[in-house]
Amino acid sequence: PFRLMLGLFALIVLMALFYGSVFSGRATLLHLGAFTATIMSGNVFFVIIPNQKVVVADLIAGRQPDARYGRIAKQRSLHNNYLT
């Protein structure tokens, strides 16, 4: 998680520098916000919701859900919270 956080921070800083060299200040902030929102949406649609579907399907089938899916979804949700 720590390496992911550092990598994401470096990516956002690099994108801010890139946007700042191409766009005006206001446009830089708008594009950086859209970039961050895209990362957050990817977390929701490609990690959190699919993991939730697996857990719900296990519960409906009467099986004990694997806690790993919950931990992964919680981690991505926490990442989204920090990005906010």
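Which backbone oxygen does the side chain of T38 reach? The close-up views below take up this question and others, using a predicted model.

**View 1**
The side chain of T38 reaches the backbone oxygen of A34. The distance is 2.8 Å. T38 is found in helix 2. Its relative accessibility is 54%, so T38 counts as exposed. The cut-off for that word is over 50%.

**View 1. An aromatic cluster of F18, Y19 and F23.**
Ring pairs link F18, Y19 and F23 into a cluster. A search of the whole structure finds two aromatic pairs. In one of them, the ring centres of F18 and Y19 are 5.8 Å apart, and the planes meet at 50°, so this pair is tilted. Planes under 30 degrees apart would count as stacked, and planes over 60 as edge-to-face. Y19 and F23 also form a tilted pair. Here the distance is 6.0 Å centre to centre, with 40° between the planes. Y19 therefore takes part in a pair with F18 and in a pair with F23.

How exposed or buried are these rings? Y19 has a relative accessible area of 11%, so Y19 is buried. F18 has 45%, which means that F18 is partly exposed. F23 is partly exposed too, because its relative accessibility is 32%.

**View 2. The largest nonpolar core.**
Which residues make up the largest nonpolar core? There are seven: L8, I12, M15, Y19, L32, F35 and L83. Two elements give two or more residues to this core: helix 1 (2-22) and helix 2 (25-60). Helix 1 gives the most, with four residues. Look again at Y19: this residue belongs to the core and also to the aromatic cluster. Now follow L8. Leaving out residues up to four places away in sequence, L8 touches I39 and L83. L83 is itself a member of the core.

H79 is found in helix 3, which covers residues 67-83. Is H79 buried or exposed? Its relative accessibility is 15%, so H79 counts as buried. Leaving out residues up to four places away in sequence, H79 touches L4 and N43.

**View 3. The salt bridge between R63 and D58.**
The count of salt bridges comes to two. In one of them, the side chains of R63 and D58 meet. The distance from N to O is 2.8 Å. How do the two partners compare in exposure? D58 is buried, because its relative accessible area is 13%. R63 counts as partly exposed, because its relative accessibility is 48%.

**View 4. R68, with a salt bridge and a ring.**
D66 forms a salt bridge with R68. The closest N and O atoms are 3.4 Å apart. Where does R68 lie relative to Y69? R68 lies over the face of Y69, at 4.9 Å from the ring centre.

Note on methods
Residues are numbered from 1 along each chain as its sequence is written. This is a predicted model: local features need pLDDT of at least 70, side-chain atom pairs count only at pLDDT 80 or more; totals for chains, interfaces and linings use all residues. Side-chain values use heavy atoms; hydrogens and water are left out. Rings of Phe, Tyr and Trp (its six-membered ring) pair if their centres lie within 6.5 Å; planes under 30 degrees apart count as stacked, over 60 as edge-to-face and the rest as tilted. Buried means under 20% relative accessible area, exposed over 50%, partly exposed in between (1.4 Å probe, protein chains only). A charge sits over a ring if NZ of Lys or CZ of Arg is within 6 Å of the ring centre and within 35 degrees of the ring normal. A nonpolar core is a set of buried Ala, Val, Leu, Ile, Met, Phe, Trp, Tyr and Cys residues joined through side-chain atoms within 4.5 Å. Contact means heavy atoms within 4.5 Å. A polar contact is a pair of N or O atoms within 3.5 Å; within protein, one must be able to donate a hydrogen and the other to accept it, and residues adjacent in sequence count only if both atoms are side-chain atoms. A salt bridge is a side-chain nitrogen of Lys or Arg within 4 Å of a carboxyl oxygen of Asp or Glu.
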